[in-house]
Amino acid sequence: MEQNTLEISHLTVSFPTDRGGFRPVNDVSLTVRKGQIVGLVGESGCGKSMTARAVMGLIRSPGKVTGGQILLEGKDLLALNGKEMRSLRGNELAMVFQDPMTSLNPVVPVGKQVEEAILLHRRVSREEARKRTLEAFRNVGISEAEKRSRSYPHELSGGLRQRVMIAMAMVCCPRLLIADEPTTALDVIMEAQILQLMRQMRDRGTSILFISHNLGVIAQLCDYTCVMYAGRIAEQGDTRELFERPVHPYTRGLLGAVSSLDRKGEELETIRGSVPAPGSLPAGCPFGPRCGLCDETCRGACPEPREISPGHIVRCFHAGEVPV
Amino acid sequence: MKKKLLSRLGQSLIALLGVALLLFLMLRVVPGNPAAVMMGEHGDNAAIARMTAELGLDQPILTQFFRYIGDCFTGNFGTSYSLSKPVAELMGGAFLNTLWLALAAALFAWILGIACGVIAAVRKNGILDHLFMGVSLMGVSIPVFLTAMILQYFIAFRLHWLPIAGMDGWKSFILPAIALGWNSAGSVARLVRSTLLDILQEDYIDTARAKGRSQLGVLVFHALRNAMLPVVTMMALQLSGLLSGAVITETMFSINGIGRLAVQAISGRDIPLLQGTVLFSTAVVILGNLGADLLYTVLDPRIRKGGGPQ
Amino acid sequence: MSEILLEARHLTREFPAGKGRMVHAVTDVSLQIREGETLALVGESGCGKSTLGRMLIRLLEPTEGEILFRGTEITGLSAREFRPFRRQMQMIFQDPYASLDPRMSVRSIIAEPLKTWNLCRDREAVTERVLELMEATGVSGEMLHRYPHQFSGGQRQRIGIARAIAAEPSLIVCDEPVSALDVSVQNQILNLLKKLQKTRNLTYLFISHDLSVVRHISDRTAVMFLGKICETGDTETVYTRPRHPYTRFLLNAVPRPDPRRRETGGELLAGELPSPVNPPPGCRFHTRCPFATEECRRTDPPLRETDGRLVACHHPV
Amino acid sequence: MKNRQKELAELHQRRLEDGNGPVSAFRADLFRMFRKNRAAALSVLVILLLILAAVFAPVLTPYSYDDMDLGNRLSPPSAAHLLGTDEGGRDILTRLLYGARISLLIGVVPTVVSILIGAALGTIAGWRGGITDTVIMRLADIVLAFPSMLLAMVIMFTLGDGLVNVFLTLALLNWAAVARVVRAETLRLKNTEYIEAARAIGVSGPVMLLRHILPNCLPTLIVLFTLNVPAAILTESSLSFLGMGIQPPSASWGLMVNAGKNYLYSAPWICAAPGLIIMVAVLAFNFLGDGLRDALDPHQKNR
């Protein structure tokens, strides 16, 4: 069977605070196969970005990974020391961030910043690095690559800057690209262009872990999707099946809220209550207080992931049931 | 860009003129007849009258002011009453000493300051951080004359490693440079640390680490480059402050710099000398501020190549 | 047809951009807002919709053009003459974390309009009115003396709404009120806005870049591109049969939350947004429009009645 | 939509810590500072001790500050005179306690005056902009162009020395820096959404300044006060050290150092005591100022 690009099992990240601490990522497991785009979706504060940062080893202190395993083509990243991990970052494993306004060094021309990525991993001359940078720019659809590479970040528009970020990430042909809300700060037309670019990269064999809070973007781009809530994956499955037959009450709530926007005039569907603050999770299933199906079992313990059909895994005792 | 430059130059000129006017008012108008002030106790009326005519103090205020401005531009600051030498000449000699002291103090301050600041930021909340920041805060809090006294008492007086005061050779500049420099080092270290800590939170630092940069690589190629902007500005301001004469240090280590000259001018109630030294020092500070702003514009491409996205 | 609450005629606003260059934020915009309706102002960031919104309630003075409120011209009025109109127009802001004064308790935030227009006899009446407003916007009364930093984003937006309706205005400009919120909280706020519009007969100018939210909440929509309105009409008409090329590309680019209907990016607009500092001559969209002709490059098309809405295009699609 | 992740985490953190009593952000920040920053808490203690020493000086020491005991001049610290005696045989500890009154007053009073002037001018310059802004700022440029010591010396020379003139000098010296900081803060506040909201409500200019701008400038002013008091103490002690500050018989720490400097090598404790107490006071205020700035006013990080 083809080697999976990325396998995360039981990943846990915890942050100590003077009130006992909390776990933004709690026992998360997911797999990204070769040439597949996996979506990680959820509302603010659900831990999707933290999961991505854990894979890249970019978790800022005082947070640290306190459990689980992350295999990149069979290699456990958590077991690597600093040097080994650094040789992977930007080379076999790359990341694109959310806000193009602040993700580039403001005092260095963008071309130089991409060359840096090449020179860190490939023993090539500066001239060769320049050539590859311009080629990378063209691959991501940046016109007048020569002029743009000499300009500073503040001289480029948001869309262009995000393309530079993608060029920087792709320049060493990584096995896995992690994209943390790459289109959230962009307008809808620029977003569509970036999503188009992502599809082309997937067709050329790059596996992508795509993080977003926008269900529309996830539906249009991802082959497989994981819905996160309060640090756990509530439900994961093939995107088409997940959108048509969601079984977890939270996924249903989200999809209901988004689709009700298209039904004119009626009151919009909402999910009652609000996301629990990270430190004060309710006992048992974190979605309990906001869930119509919640009963004693839900309040008692946190449901374990159950595979209800091939590839379709859910953490809920009453998966699929409809509130009476 | 050019328009901004011109308006900044205009501001400096206005400031300089304003300083000249303020000084003129304070030294010539407020204390009554400057000649009487200069003569002090032993001046009888005839001598005061002669002095008044000689300095042209009997003309109307405005003509005095314009003649005074004219003189300043032609470098003629009048002759010092107490030292009976042209003020310009006195200042020329004094400035050299101030220059040496300033450069020595600046060098000491900046090397120590930047090193401590960077280490404190990298080892945030570690022992080194608390140690360096404690010493920096001491540097900023200790009165210069106390540092000078401690150095003179222990190193010069007790251990005889260095001369207590005077200006024979480069050795006698070490202690004053340390006394003067420790304060600037303190503020540089604190600024470097807080700027660096802010920058290390920025998103582009994560991008650099995501590219595979090592912690050191991120610090040198990305963090420090951005941190230098505000630090270089502060250093330029400090240098102009040092060049305008360190009154206390020069007095205590009896180095004949601009600062000490000013003190002598005050105790000798020598108005032309005082006016000259203060005007000179202020001009240096204004130039320093101008230089700091220009340096910032040159270093920061966002300002140099202004305008929004093309 | 309800009569016109607010009308703008040839509004223009320019900002200096250094070196004598001017940013043409809003150019020659005319529009009408009718009593009780929700007019949406849609477009990409930098198209001038926020600037236009602020100009309409004179938070920003226009460079040219007039604004009529219920028929009276308000652009020329002095601050004192304009005061009664100020009470009629209020605003809700995008960033829930920045639109509430961190040093004021919820009570004083909501009470400020009441005190400014002295709508209540004494302190008790003010507190009572504030509690009423909090209840109407779904904020629990016990939090009366709490401070903004103790609330979630959604709750803060509700407090901002309570403050806006406290002075009983007729028009509220909502500048991206839900863009900073997650979808479940966003729907709660949209429902609240809808309910308040009915119970307090309010008129909204709803500014947003989120086309699906706009489709749900607005009666009429105006699409803006680079400082000008390129298409305006009933929301359903504009959404189902967009006639301006830009509107079509815009609507087409919205990612639908339905994996079955995936476009393969057929009609995808390429290229970059031109800079508002020197917008292209003639029709501002011609540099990116695949249907641009020589005429488009020369003359700037005015808004013309086409197929039940106004379109500014020589060759409507 | 700006990058919410960082801000959200911080805000959750704060809500976690504050619980949800009706405590204002201002008080919440203060409590958190004292809990977390031991140095700041300690420095408040030191400052209180200094104030108490100054107020209860006559009770704390048997001697009065100017009674001479020529018998044992320049005697090192002993049981009778805990910190020894100076060239006039006066007890150094006593003079330190009385000197504290003057030095602390000199630190506080002109600073309060310069903060009031600076805040008023800074707010007006920031809020009104245009010519008023330019005039005020050029005036500030002129004052800031002078090296602080030289300006102080010239003013003292013009007005003549003495306590009141020292107050005036220090106030004249510091107002410009305060005005510049407050102006920058007002400009920042002017562009926040809650000020735009207040304008939309129809709040008038003066009410805007009093209810929105000044309360939000308060943290900045508190930080400025806490950092300017030590600066004033340092300037005064330097002036007195050069003999241009206050004159005997009133005693300030700086004056004591000046009196003792001729005996530096024979009786170093005469200078050491006042010198060290100056440093302790200045350190205490600086530590407190740093703590307050980090807690109350993150925008003004690298002053």
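Begin with chain A of this predicted model, and colour domain 1 (4-92 + 174-314) and domain 2 (103-171) separately; the C-alpha centres of these two domains of chain A lie 29 Å apart.

Next, select the residues where the two domains of chain A meet: 16 residues of domain 1 are in contact with eleven residues of domain 2, and about 1,100 Å² is buried between the domains, 65% of it on carbon and sulfur atoms. Across this interface there are zero salt bridges, while five residue pairs, both members at pLDDT 80 or more, are in polar contact. On the side of domain 1 of chain A that touches domain 2, the elements giving two or more residues are α2 (82-88) and α7 (188-203), and α7(A) supplies the largest share, six residues. The residues on that side of domain 1 of chain A comprise nine nonpolar, five polar and two charged.

Now move to chains B and D, and select the 48 residues of chain B and the 40 residues of chain D that make up their contact.

Then centre on B:Arg190 and D:Asp290, whose side chains meet in a salt bridge at 2.6 Å, N to O, the count between chain B and chain D being one salt bridge. Finally, highlight the helices of chain B that give two or more residues to the side touching chain D, among them α1 (2-29), α8 (174-199) and α13 (271-299), of which α1(B) contributes the largest share, nine residues.

Note on methods
Residues numbered from 1 in each chain as written. Chains lettered and ligands numbered in written order. Predicted model: local features only at pLDDT ≥ 70, side-chain atom pairs only at ≥ 80, totals over all residues. Heavy atoms only, no water. Domains from an automatic or database assignment. Contact = heavy atoms within 4.5 Å. Buried area = accessible area lost by both parts, 1.4 Å probe. Salt bridge = Lys/Arg side-chain N within 4 Å of Asp/Glu carboxyl O. Polar contact = N/O pair within 3.5 Å; in protein donor to acceptor, adjacent residues only side chain to side chain. Helix = DSSP H or I, 4+ residues; strand = E, 2+ residues; numbered from the N terminus. Nonpolar A, V, L, I, M, F, W, Y, C, P; charged D, E, K, R; others polar.
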